[in-house]
Amino acid sequence: MQIARVALDVPLRRFFDYQVPEGEQLSVADIGCRVRVPFGLRQKIGILVGIPTATDVPRAQLKPVYSILRELPPLPAAWFRLTEFCADYYHAPLGQVMLSTLPAGLRSLAPPKARPRCQRIGDLPAQPAPVLTCEQKAALTLLAAGDARAYLLHGVTGSGKTEIYLRLIERCLAAGRQALLLVPEINLTPQLEARVTVRFPNAGLVSLHSELGETARSRNWRAALTGEARIVLGTRLAVFTPLPELGLIIVDEEHDPSFKQQDGVRYSARDLAVFRAHDSAIPIVLGSATPSLESWANANDGTGRYHLLSLRERAFEGARLPLLRCIDTRFDKLKDGLSGALLLAIEQRLERAEQSLIFLNRRGYAPVMACTACGWTSRCHRCAANLVLHLADHCLRCHHCGFEERIPKPCPTCGNQDLNTFGRGTQRIEAVLAERFPQARILRVDRDSAGSRKQWEASVATIQRGEADILVGTQMLAKGHDFPKLTLVGAIAPDAALFAADWRAPERLFAQLMQVAGRAGRADRPGEVLLQTQFPEHPLYAALVRHDYPAFAATQLKERQSAGFPPYTHQAMLRAEAPRMAEALNFLAAARACPESENDPLVIHYDPVPMRLARRASLERAQLLVESPSRRVLQRFLARWVTRLETIRAPSRLRWHLEVDPLEF
Ligand code: ADP
Ligand code: ZN
Ligand code: ZN
């Protein structure tokens, strides 16, 4: 009798053994196939991970494998190494990691659909590549010389990073290999997809992201696994795509926090991509105008972990970098959130039939409503947060749990008829601009107005056709889109992030402002960027105005080094949530007191504390930070700790998770 060892999607750190029924014969070539097995009273799809000769399970208790699904090629060995690394590094159960990376259609019990053909757009002529700039040539020469290394491609917006990706993909395809291109946002896939497809019409490009329908996602995933698709373009989950002939990985906008999965297995797709490339001995290129400080340190710390490539100028003939300027709002006083200088600049754009973008990273009309008579404020009763006023939908809404209620007419506690609104969101700025420029066509683009892919694409098309004069948008609009008529960007309230408690806030602010500035003047029209600030001398703005990311990064890294923050230390966060704060804190205290925590002098444990958003959706949240100067020491500790954590007795409604390299605090 043969034994089949199977990985299943269950929160247990082990595999499960089954017996192979009479008449069925497994060989090592079947490892990596999906199998259908009984589990408890139900059935599950699992992955065959081994054919051991012995098992601890008594023979009589071994249940049979129901079927072996061989209609797909087995998952390749490199895929096993990647998922194993992910499970080890993030201390997640391996079976869960493995199964969660498959498209739902391939891990559910529904019968597999007939295999549709991979889409090919064969009659489109391939578009010729432009002549490379000197900087691009130099970068490509270095890329060819080093080969299987990790590269950090630092290039200002519009410097032609994407063109470099295309050349690398061309080389990769010519060598008979597959290429994987990762982007942070679903919204960025259609335009990049189009650009890659016109260059390589016959490469069977497929995209993989969470908004694809299940059938399409399974089909595209299969095409990658069978080798039919030579280029895969996707968001973070695509890092797990099995690609038997993978020859190149590109991570565009590598600094973007969206590469970090925020629930379930909390992995960084960028970091996994670096492992994957190293493991497969292939090159990886991490591209950004504002690299993450972790990557920047890896490229500049003299260890040669990453190899740095720089593009300092825009690629397009005659295109200049936008001119950035601070508007000192201590002197140019804001009226309804807008300075005189910015209003004037908008007016000039209207006269020249050019577009302006007003950037504000806060949606809604106003972040809070309040009663000045009694002190009532619009609070979410389920979260430790304010309800945001959404005038467009006539409601107050919680941005953390989604709770909604109607706007109270008189104050709910004292009956005062005049409730006040405080602060400004995109809807309010839209209203202010509409009043000020009645002749202008104003388009607001944020998660409320362009949340679905359809709405987003419609908005982009409107802007591209020149049917909007003033755009009001959040960071959604800041990323990667070319709007040729856009020549003015106004960042109206960037200061808050300068002094935020989160020490990563300046890094994110710099990246966002650089990115939104990159929207201005891409083609032959020079762009202007106005930053409304009370702190025009702040070093962050000073570096930004000079387009000097390296200077900004150097100061930030120095600060982090002296404060002992990443990348100079390595961190993990244990979080717990429960109906009562005491329960969450008690669990963390028990975690901190367990013997594993005590005997490692190189691992520092902080005190359990409530999280900044201490209550969300009626659950109290607390966290415990652990860190170590050595990644290896931290990892060894976490491996022992996590198995101990699973034995701590906790109230049944308590949930906890461990996050390695947390980005949010
Ligand atoms: P990035 O990815 O760095 O933002 P892109 O690759 O999108 O930059 O290039 C910006 C613009 O410059 C695009 O319109 C692109 O077609 C153009 N471009 C890129 N490389 C060249 C080149 N060598 N010659 C002319 N135009 C180029
Ligand atoms: Zn009141
Ligand atoms: Zn809420």
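## Metal sites and a bound ligand

Guide: Gladly, and please keep in mind throughout that this is a predicted model.

Visitor: Fine. Which residues are the protein donors of the zinc ion (ligand 2)?

Guide: The zinc ion (ligand 2) is held by the SG atoms of Cys371, Cys374, Cys411 and Cys414, lying 2.3 Å from it. UniProt, in an unreviewed entry, places the feature "binding site" at Cys371, Cys374, Cys411 and Cys414. These residues span 44 residues in sequence, yet no two of their C-alpha atoms are more than 8.6 Å apart, so they gather at one spot.

Visitor: What arrangement do the four donor atoms make there?

Guide: The arrangement around the zinc ion (ligand 2) is tetrahedral, because its four donor atoms subtend angles of 104 to 114°. For reference, the ideal angle for four tetrahedral donors is 109.5 degrees.

Visitor: And how are the donor residues spaced in sequence?

Guide: For the zinc ion (ligand 2) the spacing reads C-x2-C-x36-C-x2-C. Cys374 sits in the loop between β15 and β16 while Cys411 sits in the loop between β18 and β19, so this pair ties together parts that are 37 residues apart in sequence. As for the strands themselves, β15 covers 368–370 and β16 covers 388–390, whereas β18 runs over 404–406 and β19 over 420–422.

Visitor: Is Cys411 buried or exposed?

Guide: Cys411 is buried, with a relative accessible area of 4%. Cys374, by contrast, counts as partly exposed at 38% relative accessibility.

Visitor: What does Cys411 contact, leaving aside its neighbours in sequence?

Guide: Once residues within four places in sequence are left aside, Cys411 is in contact with Cys371, Cys374, Trp376, Asn416 and Leu419.

Visitor: On to the zinc ion (ligand 3), then: what are its protein donors?

Guide: The zinc ion (ligand 3) has the SG atoms of Cys380, Cys383, Cys398 and Cys401 as its protein donors, at 2.2 to 2.4 Å. This site is tetrahedral, with angles of 104 to 112° among the four donor atoms, and the donors follow the spacing C-x2-C-x14-C-x2-C along the chain. Cys380 belongs to the loop between β15 and β16 and Cys401 to the loop between β17 (395–397) and β18, so the pair ties together parts that are 21 residues apart in sequence.

Visitor: What does UniProt list for "binding site" around there?

Guide: An unreviewed UniProt entry gives Cys380, Cys383, Cys398 and Cys401 under that feature. Although they are spread over 22 residues of sequence, they cluster in space, the largest C-alpha distance being 8.8 Å.

Visitor: Is Cys383 buried or exposed?

Guide: Cys383 counts as buried at 1% relative accessibility, and Cys380 is buried as well, at 3%. Cys401, on the other hand, is partly exposed, with a relative accessible area of 22%, and the cut-off for buried is under 20%.

Visitor: Where is Cys383 found, and what does Cys383 touch?

Guide: Cys383 is found in the loop between β15 and β16. Not counting residues up to four places away in sequence, Cys383 touches Cys398, His400, Cys401, Arg615, Arg616 and Ala617.

Visitor: Changing topic, how many residues surround ligand 1?

Guide: There are 17 residues around ligand 1, and the closest are Val131, Gln136, Gly158, Thr162 and Arg195.

Visitor: What lies 2.8 Å from an oxygen atom of ligand 1?

Guide: That is a polar side-chain atom of Arg195. The protein backbone also takes part: a polar backbone atom of Lys161 is 2.9 Å from an oxygen atom of ligand 1, and a backbone N or O atom of Gly160 lies 3.0 Å from an oxygen atom of ligand 1.

Methods: Residues are numbered from 1 along each chain as its sequence is written. Chains are lettered from A and ligands numbered from 1 in the order in which they are written. This is a predicted model: local features need pLDDT of at least 70, side-chain atom pairs count only at pLDDT 80 or more; totals for chains, interfaces and linings use all residues. Side-chain values use heavy atoms; hydrogens and water are left out. UniProt positions are given in the numbering used here, feature names are shortened, and annotations may be inferred rather than shown by experiment. Helices (H or I, at least four residues) and strands (E, at least two) are DSSP runs, numbered from the N terminus. Buried means under 20% relative accessible area, exposed over 50%, partly exposed in between (1.4 Å probe, protein chains only). Contact means heavy atoms within 4.5 Å. Donors are N, O and S atoms within 2.8 Å of the metal (3.2 Å for Na, K and Ca); water is not among the atoms, so sites may look incomplete. Four donors count as tetrahedral if all angles lie between 85 and 135 degrees; four count as square planar and six as octahedral if opposite donors are over 155 degrees apart and all others between 65 and 115; anything else is irregular. A residue is near a molecule or strand if one of its heavy atoms lies within 4 Å of it. A polar contact is a pair of N or O atoms within 3.5 Å; within protein, one must be able to donate a hydrogen and the other to accept it, and residues adjacent in sequence count only if both atoms are side-chain atoms.
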